[in-house]
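Q: Could you walk me through reading a few features here, starting with where a residue sits?

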Amino acid sequence: MNSRPDSATSAAGRALSHAVLRQGRARCAALCAVSTAATAAGLLLPALLGHTLDLLLDRAPAARWVGACAGVVLLLALLDGCAGVLTGTAGAHATAWLRRRLIGHVLALGPRATARFGAGDLVARWVGNAAQAGTAPGALAALLSALAGPVGGVVALGLIDPWLAAVFLAGAPVLALLLRAFARDTTACVAEYQRVQGRIATALAEAIGGSRTIRAAGVADRETARILAPLPELSRVGHRMWRVQGRAAAQAVTVAPLLNLVVLAVAGLLLARHRLSVGDMLAASRYAVLATGVGALVGQLAALARARAATARLAEVTAEPRPDHGTRRLPPGPGRLELRAVTAIRGGRTVLDGLDLTIPGGTTLALVGRSGTGKSLLAEVAGRLADPDAGEVLLDGVPLRDLTHDELRRAVAYAFERPALLGTTIEDTLSFGLTARSPAVVGAAARRAQADDFVRRLPDGYATRTADAPRSGGESQRLGLARAFARGARLLILDDALSSLDTVTEHRITQTLFTPAPTETRLLIAHRPTTAAHADHVAWLHAGRVRALGTHEELWREAEYRAVFGEVAGAREARS
């Protein structure tokens, strides 16, 4: 489902990384200031210790200098504590910002997001990758501080004696090459590790959604094996990641002590020639350790590489273009819907192929077709839950792309086969998406959907918590219908929203649903002949186009049309 980042995604990753740093620039600046102060204090301490040692060896008064050393040690402890707090808060705020941005983008993309990446993978990115990417500000500040230590150490060695800095710099390129190779290899390993995690999360989400089917088929062990199938690959990538880090640390640990020994040997020679004091020798030994502080650099580079890989995975999602909205509003009208030369391609297959269809305002059109002919995709395109690859859709003469977001969503209402009933209480659920709540409107919509009676039988009626309300699949569909009715939209789209209703309830709803309404146009997917028979017109889809348009009675004369209902019923039984 998800692909490796291309150049566009890489650019989006860099832009997202910069945005993370910009949104938390105040905290990042404070963290850099504290880290820099801690590094400066750490660089000052060896010089103080060396000078204090010289004073003590010369039996000169040194109490003030001992106090200064103690003060710097306390300051280091305080600055380290402040840096830890700032790192945590900066990471938390960056993670929250990334999650808000990601969830907003995913919801704006609509069905295209889950079709492109999968629900489980999106959750893994939102939870795990956003948290990892949120550590970038702290990791960057820590890396800058870790770099300042070696640079300051080299400068301090040069101030003690230029030969000490020259000896160290002679071996420094080896350390630089090791760090560069480590950063490159770690980024690649972490990115692959996170991709495999996303595959496992996707398979797990699919299994949770189909848990009843899995249990009924008795294939729990097989599904467990399918979900965990990528584990060996995850283990292999994880071991490779830690081998890369371990190898880099081992190489650094080998090179750094050699440099330290060389610096100390030169310092010893200078001490023997009386060019350095004992205190200078002590300071040089400490600065040599700071200058070869590769262990800290390896850890910070690894943290930054993990944050960078996680940001790249988030950027794969945010690089998907959001639908643009215009500035126009709808004129008064009955809800006339026009699809002009609409083409939609999904998974490399042309599902809708230059489709033309017009639904007069205030009428009802039923979509009929074999499984896979694009009925649900047409319903998505008709209300702009998805955009066509070619062609345009107009509502009362205005292209849907030209409408403002709020105007579009006020004008179109949806009811689905498996409605997601969002909201705390039943009343919240039925009012979902409304700018202004009205108990009278909610009650009227529930009565129209034949939901009022069973809602009032609940312990707290409309105030019952939705999660605690026992309901069947048909009752859930009635709540979904009521929510759509409550919007009072001029275009009502029912995507198989009557499939779980019993015959009596469906008949009652269709009596009100198909009552002529001059300001409400209805587009519905029909799987039952009785539903199609109530519609004003039926569009028979075949091979991505409208094969025939007429009344159900007219089309019923065709044997292939009659066969559609038998095939669809069989497909629905197999799917359930």
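A: Helices (H or I, at least four residues) and strands (E, at least two) are DSSP runs, numbered from the N terminus. By that scheme, R322 is placed in the loop between α12 (294-318) and β1 (337-346). This is a predicted model, where local features need pLDDT of at least 70, side-chain atom pairs count only at pLDDT 80 or more, and totals for chains, interfaces and linings use all residues. Residues are numbered from 1 along each chain as its sequence is written, and side-chain values use heavy atoms, leaving out hydrogens and water.

Q: Is R322 buried or exposed, or in between?
A: Buried means under 20% relative accessible area, exposed over 50%, partly exposed in between (1.4 Å probe, protein chains only). R322 has 45% relative accessibility, so it counts as partly exposed.

Q: Which residues have a positive phi although they are not glycine?
A: Most residues other than glycine have a negative phi. Here, R59 has a phi near 55° and lies in the loop between α2 (25-57) and α3 (63-109). R59 counts as exposed, at 78% relative accessibility. Q450 has a positive phi of about 60°, in the loop between α16 (439-448) and α17 (452-456); at 23% relative accessibility, Q450 is partly exposed.

Q: How many disulfides are there?
A: A disulfide is a pair of cysteine sulfur atoms within 2.5 Å. The count by this rule is zero. Take C28: its closest cysteine sulfur, in C32, is 6.5 Å away, so that is too far for a bond. C28 is buried at 11% relative accessibility, and C69 is buried at 8%.
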